[in-house]
Amino acid sequence: MTAERLQKILAQAGYGSRRACEDFISAGRVRVNGQIATLGQKADAVADKITVDGKSIAAAEALIYIALHKPRFVLSAVEQEKGDDRQTVRHLVDVPGHLYPVGRLDFESEGLVLMTNDGDLTNRLTHPRYGHEKEYRVLLAKRPDREQVEAWKRGIVLEDGYKTAPVDVRFETTQGKGAWVRVVMGEGRKRQIRETCKQLGLPIVRILRTRIGTLRLGTLKARQWRYLTKDEVGELKNTNAGKATNRR
């Protein structure tokens with residue numbers, strides 16, 4: 001086997017995206033043949049002894065792809081922080097191996113999360129250049145007026161000064177004094193929908209993610225999960241399939 005960049009080897013071994021693996025290297029947690037590794041370093045996964053936190057990496061794991069319906073009040077994380085006893089998405093998927101959530105949702109939000117050990121796919125789904133959309137149903141406490149919807153579509157300047165990219169926002173149905181809207185976006189800054197609605201004066205009752213790229217939540221109920229089909233994995237890996245062709 002020829003030498004490859006360490007972050008690629010770690011990603012293939014199930015340690016997360018290449019960017020996450022670069023963080024491991026930068027933090028001094030990775031060693032090659034006993035020596036602390038550096039960013040950009042190459043190694044041979046067969047001939048060299050590569051360790052993370054003192055543990056030898058296994059050969060590349062069988063790749064796993066799982067669609068999970070994350071309920072509200074569950075963390076989109078693998079491990080709890082010290083002193084935090086809140087449940088994580090990893091607790092909900094009883095499958096051995098290194099699995100990481102792709103397309104994280106905040107604590108209060110719910111819906112589709114992809115769990116995988118495929119670092120290359122993780123990078124493909126999270127890097128903006130691939131244009132993978134995420135679709136949400138958002139329940140607002142009050143009905144938005146035309147000006148609010150148009151401003152949301154154009155992009156909003158958030159409190160930190162960041163200007164959001166244009167968003168596809170469609171009114172879906174009323175519910176009491178509020179309304180359901182469908183939101184399709186290509187970027188995914190932390191709590192972006194919540195921060196946008198805060199700027200617009202639109203209180204949020206519920207956020208439900210229904211799609212990541214070509215992968216849909218479908219009929220999964222909260223806390224349920226399933227393995228992806230080969231066709232679903234292939235569609236996600238297709239760089240031209242970031243946008244669903246038949247939104248519904």
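Predicted model: local features only at pLDDT ≥ 70, side-chain atom pairs only at ≥ 80, totals over all residues.

Visitor: How many residues of strand β7 are buried?

Guide: The cut-off for buried is under 20% relative accessible area. In β7 (residues 65-70), 6 of the 6 residues are buried, so the strand is largely enclosed by the rest of the structure. Both faces are covered: one side carries Tyr-65, Ala-67 and His-69, and the other carries Ile-66, Leu-68 and Lys-70.

Visitor: Which strands pair with β7?

Guide: Strand β9 (residues 110-116) pairs with β7 in the antiparallel sense over 6 bridges, and there Tyr-65 stands opposite Thr-116. Strand β15 (residues 225-227) also pairs with β7 in the antiparallel sense, over 3 bridges; in that pairing Ile-66 stands opposite Tyr-227.

Visitor: Is Asp-118 buried or exposed?

Guide: Asp-118 counts as buried because its relative accessibility is 6%, below the cut-off of 20%. Asp-118 lies in the loop between β9 and α4 (119-126). Leaving aside residues up to four places away in sequence, Asp-118 touches Leu-63, Tyr-65 and Lys-237.

Visitor: How should I read burial along a helix?

Guide: An α-helix has 3.6 residues a turn, so residues three or four places apart point the same way. In α6 (residues 192-200), the buried residues are Gln-192, Ile-193, Arg-194, Thr-196, Cys-197 and Leu-200.

Visitor: What covers the buried residues of α6, and which residue follows the helix?

Guide: The cover includes β10 (134-140), α5 (146-154), β12 (178-185) and β13 (204-212). Gly-201 follows α6, with a positive phi near 75°.

Methods. Residues numbered from 1 in each chain as written. Heavy atoms only, no water. Buried < 20%, exposed > 50% of the residue type's maximum accessible area, 1.4 Å probe, protein only. Helix = DSSP H or I, 4+ residues; strand = E, 2+ residues; numbered from the N terminus. Contact = heavy atoms within 4.5 Å. Pairing = 2+ DSSP bridges.
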